[in-house]
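Subject: Structure for you to look at

Hello,

Here is the structure I said I would pass on. Please open it next to this message, and my notes follow below.

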Amino acid sequence: MQEPHEPADRAIVVKDVRKRYGDTHAVDGVSLEVETGEFFGILGPNGAGKTTTLEMIEGLREPDSGEIRVLGLSPWPRNPRLLPRFGVQMQVSSFFERLTAREQLRAFASLYGVPQTVADELLERFGLTEKAGNRVEQLSGGQAQRLSIACALVHDPDIVFLDEPTAGLDPQARRNLWDVLRDINGQGKTVVLTTHFLDEAEILCDRVAIMDRGRILESGPPAELVRGLGSATRIAVRAGTLPVEEAAGLFPDAEVGEDEVSLTIATKDPSGVLSVLAGKNALTGLSVRGATLEDVFLELTGREYRA
Amino acid sequence: MRGFPTLSRIMFLGFVRDRAAMFFTILFPLIFLIIMGGLFQSGGAPQSRLITIGAVPMIDLLPAQGRAEVDKVLQISRLDDAEQALTQVRNGDAAAAVQQRGDQVVMHFSAADTTSSGIVRSVMEGIIQAANLATTGQPPRFSLTLNQVENKALPQIQYLTPGILGWAIATGATFTAASTLVLWREKRILRRLTLTPVRFPAVTGARVLVSLGIALAQTVIFLAVAVGFFGLKLASHWWTSIPLILAGTLAFLAIGLLAGAKAKSVETANAVSNLIVIPMAFLSGSFFPLSMAPQWLQNVAEVFPLRHLNTGMLDSLARGLDPAAILPELGILLGFAAVITTLAVWLFRWNDI
Ligand SMILES: Nc1ncnc2c1ncn2[C@@H]1O[C@H](COP(=O)(O)OP(=O)(O)OP(=O)(O)O)[C@@H](O)[C@H]1O
Ligand SMILES: [Mg+2]
């Protein structure tokens, strides 16, 4: 069963995994590897199969076919040796009814045999101390989300799975969570998350996989994916700084457009364009925007809505 | 069992903080007991009212001792207006009216209330027979002494308490079992727990422990109220009701688990529990004795664990039978619990996905 010499630096190995629900190929031949200590992101539109993939890795769902190894062990059927080594925050949080936030976290701590003080520290770390005495039913969406993530971390797992952890968080809480996750990752823990926020993936992840319709379309470090797209840098100055016709004449290789607010030049030679603009003293209201992961994402998955 | 103490604590807190659950398992049955206990407290069998139309020498000339006996069951008053007396009988204000014409005693009664008119009739027949006998001048050869098998004039509360307590325990165990496990499945808590080192026996074990605790708490509160306010007399071996209650709770938990096994939502699970518990309570004689029901219905009732719990508790709490007398009921309850639990665990969907 277990391959004898699984390289120790592979925390997760997924080989050609499939899962079908009726006619839906929720996961349709996914292969991926996550190294120990890596920060890995799975991106994809709604219904792409992110949650299904994640839950098969966690051992919550059984793959129809394919092979999964987590820390060299098979997560299915439920593997008690593996369970204490990873922490999971599910997309839909679920709490014991009528407990307070503190009781909730302490309950999880004692289920894992962890001292209660750890729970209290986590409350503090996630900014929930003030709400510690409130019933979980009375927490706001973002507070509940933070509590759910805290519950995933209570037993200091080696691998952390987070299914859209920043959904519903305000900007402060989002950045706060980023700090916590970077911190955890800095301690050598492996983090796997799914997200719809591409800036977040770009900032946090060592590597991302872009999924759609049950398949992985592209994977690699965000910067590499962006570069690979070879898309233009968009340089904008305030409208009227330079007549459109003149700009189009100056930069024949670029795409030039203007609206009420700004004149935009999309070019693959940003430094050339910038030096010409500087020479003409036409840099009022300058903004430069390179291609982002979002451009890669939209390029790969298209712009139309998904079911 | 890892997580057992924690899960028990969680379930206990979940219960005591659930006002609706507290109301339906403790307060509501208690209100029932208070109402029914209050209704019957006025004295064993209610007195029937008898009107004498004009003078009825047959009654008026009863010896003092005989009159006292009659007064225990009949409340006799005189009304000279026959028409008015008959109206009262027709309205049900009086059980019957009697009139004496010479040697003839005429009794007017309404078919609407055969029980109380039956009582009056038998008392009147008794009086007349005694009078007939007296005219012969011979001492009576045969006599009948009536003796109720239970403690004489056993107050109604002795019957009510075990029945209503049994019903309360059945409600508590069935509903809490069905709703926690279904709620935990519906809210994906069970799913979340599969990711922790906790195993399902710890979850069900915690549920059983908390439900047994609730049943004992119900028993203590019930007996305290019944003894304190309604003069319930606990028979000497009343403690034998404790193993019965624990075994009954296991059986009801099994029913709850079965009700929740396939139910998609808590509401459905509760509806299914209701469909089982309410008929079971009536057919098990929780609210009124089953002795007046037809035999076949009494036979059907034997399939319900509550029937056996009620019988056992009546033996133990009210009749004061020997501890050994409850063993058959205890065995039936445990057997029922074992069979239904096996079935329920086999059918129960732990996971929604
Ligand atoms: N239990 C299930 N039964 C039937 N279909 C399912 C089930 N779980 C997932 N699916 C289907 O599989 C597909 C992938 O679902 P999944 O939850 O993995 O998507 P996702 O990428 O996590 O989407 P989102 O971004 O909206 O969370 C969807 O089309 C979904 O309808
Ligand atoms: Mg999802």
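E245(A) counts as exposed because its relative accessibility is 64%, and the cut-off for exposed is over 50%. Keep in mind that this is a predicted model. E245(A) sits in helix α8 of chain A, which covers residues 244–250. On the surface, E245(A) gathers with E258(A), D259(A) and E260(A) in a patch of negative charge.

Domain 1 of chain A takes in 10–219, and domain 2 takes in 232–290. The C-alpha centres of these two domains of chain A are 43 Å apart.

Next, the backbone. Most residues other than glycine have a negative phi, and most peptide bonds are trans. The following places in chain A are worth checking against that.

Which loop of chain A holds both L71(A) and P77(A)? P77(A) is in the loop between β4 (65–70) and β5 (86–89) of chain A, and L71(A) lies in the loop between β4 and β5 as well. The peptide bond that runs from W76(A) to P77(A) is cis, and its omega is near -5°. L71(A) is not a glycine, yet its phi is positive, at about 50°. Is L71(A) buried or exposed, or in between? Its relative accessible area is 25%, so L71(A) is partly exposed; buried would mean under 20%.

D156(A) also needs a look. This residue is not a glycine, but it has a positive phi of about 50°. Where in chain A is D156(A) found? Its place is the loop between α4 (141–153) and β6 (159–163). D156(A) counts as partly exposed because its relative accessibility is 48%, while exposed would require over 50%.

Last, chain B. Which residues make a nonpolar surface patch there? They are F23(B), F24(B), L27(B), I31(B), I35(B) and L39(B), and the patch has an area of about 560 Å². L39(B) belongs to helix α2 of chain B, residues 19–41. With a relative accessible area of 58%, L39(B) is exposed, since the cut-off for that word is over 50%.

If you want a place to begin, find E245(A) in helix α8 of chain A, then turn to L39(B) in helix α2 of chain B.

Regards

How values were computed. Residues are numbered from 1 along each chain as its sequence is written. Chains are lettered from A and ligands numbered from 1 in the order in which they are written. This is a predicted model: local features need pLDDT of at least 70, side-chain atom pairs count only at pLDDT 80 or more; totals for chains, interfaces and linings use all residues. Side-chain values use heavy atoms; hydrogens and water are left out. Domain bounds come from an automatic or database domain assignment. Patches are made of residues with over 30% relative accessible area and no salt bridge: like charges are joined within 9 Å, nonpolar side chains (Val, Leu, Ile, Met, Phe, Trp, Tyr) within 5 Å. Accessible areas come from the Shrake-Rupley method with a 1.4 Å probe; for residues, only the protein chains shown count as cover. A salt bridge is a side-chain nitrogen of Lys or Arg within 4 Å of a carboxyl oxygen of Asp or Glu. Lys and Arg count as positive and Asp and Glu as negative; His and the chain ends are not counted. The place of a charge is taken as NZ of Lys, CZ of Arg, CG of Asp or CD of Glu. Helices (H or I, at least four residues) and strands (E, at least two) are DSSP runs, numbered from the N terminus. Buried means under 20% relative accessible area, exposed over 50%, partly exposed in between (1.4 Å probe, protein chains only).
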